[in-house]
Amino acid sequence: MTRTGGFQDDDFWTEFHDFLFSEQRHTQAEELLATSPLLSFPAGARVLDLCCGPGVFTVPLARRGHDVTGVDLSAAMLERARKRTAEAGAQVTYVQADARTYEAPGAFDVVLNMFTSFGYFEDPADNARVLRVMHDCLAPGGTLVLDLAGKELLARKVTPPKVVQRGEDLMVQTDSVQDDWARLRSDWVLVRGERVTRASLVWFVYSAVELRRMAQEAGFGRVEVFGGSTAAPTTRTPSGWCCGRSARADRGAGACAEVRTPF
Ligand SMILES: C[S@@+](CC[C@H](N)C(=O)[O-])C[C@H]1O[C@@H](n2cnc3c(N)ncnc32)[C@H](O)[C@@H]1O
């Protein structure tokens, strides 16, 4: 039996890649970009996809004519993203960096953080720091889109162990609540032929109210929260996303940047 590490571990993302980044997800990302009012950006916008993974969003964004940079810690995920980008004949800049320390002051019109790529750090201060990084990467008038499964959604989804099959592979996922709903733990067992791989993930989960406060503390002035990629209100949260949007009063310029936060 193999045991992989958590969010910061190349082996984890590689081993569970097929379950997390199916072809269906790539197709859904294209559809979302085409239909979601939260993901509609001006032509040629400079977009940073922070924690971009294997390019689920970077590739279709580039194909839509945006100037895209993908940042991720995992060399393995970036290699996949580069390959997919080349196969699509698209142009994306990829950077291997930690989301806590990436620096590109004012360089982007849009920052994206998709598919619950937030709350990964054991020290809550590090999660707050990632929001500040996103804030500082935005030019005045820029937009942040943060897409993550909010606490309200998760409260309905933490169920007994579930089994997912993909081809011949089986994955058993068992979720449990930790620290009075501060964090969630997810234990995964992947059975691939004779081989069994286990992984345990623990991350901070946030309600709309908590995330709004964090965004404001990071410098974002106005926060709007939605219950889905269609920008539905949280009171009508669909099975998939919770979304939020916020705007910040900018450094001295008095401009407002719109920050959209599907989570
Ligand atoms: C759930 S995946 C999401 C990938 C992509 N956003 C998507 O929508 O498919 C999270 C990604 O975060 C990356 N990641 C984890 N810790 C990171 C860190 N400290 N800095 C940058 N990226 C990180 C992982 O390598 C992984 O590719």
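Student: Okay, how do strand 2 and strand 3 pair, parallel or antiparallel?

Tutor: They're parallel: strand 2 and strand 3, which covers residues 67-72, pair over 5 bridges. Keep in mind that this is a predicted model.

Student: And which residue stands opposite Arg46?

Tutor: That's Asp67, over in strand 3.

Student: Is strand 2 buried or exposed?

Tutor: Mostly buried. Of its 5 residues, 4 are buried, so strand 2 is largely enclosed by the rest of the structure.

Student: What about Pro42, where is that one?

Tutor: Pro42 is in the loop between helix 3 (23-35) and strand 2. Along the chain, Pro42 and Gly65 are 23 residues apart, and their C-alpha atoms are separated by 9.6 Å.

Student: Switching to the ligand. Which residues come nearest to it?

Tutor: There are 20 residues around the ligand, and the nearest are Cys51, Gly53, Ser74, Ala99 and Phe115.

Student: How does that shell divide into nonpolar, polar and charged?

Tutor: You get 13 nonpolar residues, 5 polar and 2 charged.

Student: Let's stay with Cys51. Where does it lie?

Tutor: In the loop that runs between strand 2 (46-50) and helix 4 (58-63). Its backbone is worth a look too: Cys51 has a positive phi of about 70 degrees, although it isn't a glycine. Most residues other than glycine have a negative phi.

Student: Buried or exposed, that Cys51?

Tutor: Buried. Cys51 has 22 other C-beta atoms within 10 Å, and 20 or more is what it takes to count as buried.

Student: And Phe115, what's its phi?

Tutor: Positive as well, about 65 degrees, and again this isn't a glycine. Phe115 lies in the loop between strand 5 (108-113) and helix 6.

Student: Why does Phe115 count as partly exposed?

Tutor: Because it has 19 C-beta neighbours inside 10 Å, and a buried residue needs 20 or more.

Student: New topic: the largest nonpolar core. Which residues touch the most other members?

Tutor: Val47, Leu48, Leu50, Val111, Leu112 and Met134, out of 62 residues in that core. Helix 6, residues 124-137, gives the largest share, with 5 residues. The core also draws at least three residues from each of domain 1 (2-150 + 205-255) and domain 2 (153-202).

Student: Which way do strand 1 and strand 10 run?

Tutor: Parallel, joined by 2 bridges. In one of those pairings, Arg3 has Arg198 of strand 10 as its bridge partner.

Student: How many bridges join strand 7 to strand 8?

Tutor: There are 5, and those two strands run antiparallel. Gln165 has Leu170 in strand 8 as its bridge partner, while Leu170 also stands opposite Val191 in strand 9.

Student: So how do strand 8 and strand 9 pair?

Tutor: Antiparallel, over 9 bridges. They form a hairpin with 4 residues between the strands, and Asp179 there takes a positive phi near 50 degrees.

Student: And strand 9 with strand 10, how many bridges?

Tutor: You'll find 10, in the antiparallel sense. Ser186 stands opposite Leu201, and Asp187 stands opposite Ser200. This hairpin has 2 residues between its strands, and Gly193 in the turn has a positive phi of about 60 degrees.

Student: Last one: which residues of helix 8 are buried?

Tutor: Ala208, Leu211, Met214 and Ala215, in a helix that covers residues 208-217. They sit on the same side of helix 8, because they cover an arc of only 130 degrees around the axis. Just after helix 8 comes Gly219, with a positive phi of about 115 degrees.

Terms used
Residues are numbered from 1 along each chain as its sequence is written. This is a predicted model: local features need pLDDT of at least 70, side-chain atom pairs count only at pLDDT 80 or more; totals for chains, interfaces and linings use all residues. A residue is buried if 20 or more other C-beta atoms lie within 10 Å of its own, exposed if 12 or fewer, and partly exposed in between; C-beta atoms are placed from the backbone. The arc is that of the directions from the helix axis to the C-beta atoms. A residue is near a molecule or strand if its C-beta atom, placed from the backbone, lies within 6 Å of it. Ala, Val, Leu, Ile, Met, Phe, Trp, Tyr, Cys and Pro count as nonpolar, Asp, Glu, Lys and Arg as charged, and the others, Gly among them, as polar. Two strands pair if DSSP finds at least two bridges between them. A nonpolar core is a set of buried Ala, Val, Leu, Ile, Met, Phe, Trp, Tyr and Cys residues joined through C-beta atoms within 7 Å. Domain bounds come from an automatic or database domain assignment.
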